Amino acid sequence: MRIALTLILALFLSGCSPENVRSFDVRNLAKSDIDMVADAHRAELDRLIRKLTIKLYKRNPRELAKVPRMTINLRVQQIMASPPADGYPELQGRWGNSAMRLAFSRDYQGDRVFTLMVGIRSMISASFNNKHEFFLLDELDQQKLYNSARNLESVAWQLNNLKDLRGEPLLLANGETKEGIKNLSFERTLSKMIALQDMLASIIADTTNRTIKNVVHRAASMTFLPI
């Protein structure tokens, strides 16, 4: 009893400490260390998805203009919110890998940025079993996390290489100034997302004593691994 009271007091004091960035939340008592790591990874991925969405729209204003009176902020809200039960009509009922394939289709006339980012976020969400917060009884699948990282590598390659029938990039991403200075901010953002998924996949595999099936999947592949 004395030990239990000491632990509770320590948790209370650490939560009240002004030097602590994270304040005490009673829900954390129902979380393992891995749960809190997963929470942090999911939150950071969402932040990077918002960042990537804004970057792509600023680089590709023509995509936003395809929907009258649409704004970047509204698009970000739509992407980050819970999707409608029947999906977005403009995506033709597609999610995840299917939406990402549609975004890179040369025949697609819709908003490629919105379609791609809905695909990316729903794919990542599926790799987290569509959960935003994790507790003791929740489980993650290391293979889903690993596969999503490989899919993000494919997205990065397609952004840099796929062109329309006129030879223009389907979506403008990384670029180069007239002075020859390269802008690799898109690649860096995607690389951070890939690293987060790979790191968490490795942590889950080590914790559960499971192995990750390393799939031979080239970044230049036009296919996406199942989640």
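Predicted model: local features only at pLDDT ≥ 70, side-chain atom pairs only at ≥ 80, totals over all residues.
I started just past helix α6, where N129 takes a positive phi of about 55 degrees. Numbering runs from 1 along each chain as its sequence is written, and side-chain values use heavy atoms, with hydrogens and water left out.

Helix α6 next. I use DSSP runs here (helices are H or I, at least four residues; strands are E, at least two; numbered from the N terminus). Residues 112–127 make up α6, and its end C-alpha atoms are 22 Å apart, in agreement with the 22 Å its 16 residues should span at 1.5 Å a residue (expected span is 1.5 Å times one less than the number of residues). I find 15 of the 16 residues buried, so α6 is largely enclosed by the rest of the structure (buried is under 20% relative accessible area, exposed over 50%, partly exposed in between, 1.4 Å probe, protein chains only).

Then I looked up salt bridges (a Lys or Arg side-chain nitrogen within 4 Å of an Asp or Glu carboxyl oxygen). The whole structure has twelve. R121 pairs with D46 at 3.4 Å, N to O. R121 sits in α6 and D46 in α2 (residues 33–59), so they tie together parts 75 residues apart in sequence. Both R121 and D46 are buried.

R210 bridges to E139, closest N and O atoms 3.9 Å apart. R210 is in the segment after α8 and E139 in the loop between α6 and α7. I noted R210 as partly exposed at 39% and E139 as exposed at 55%.
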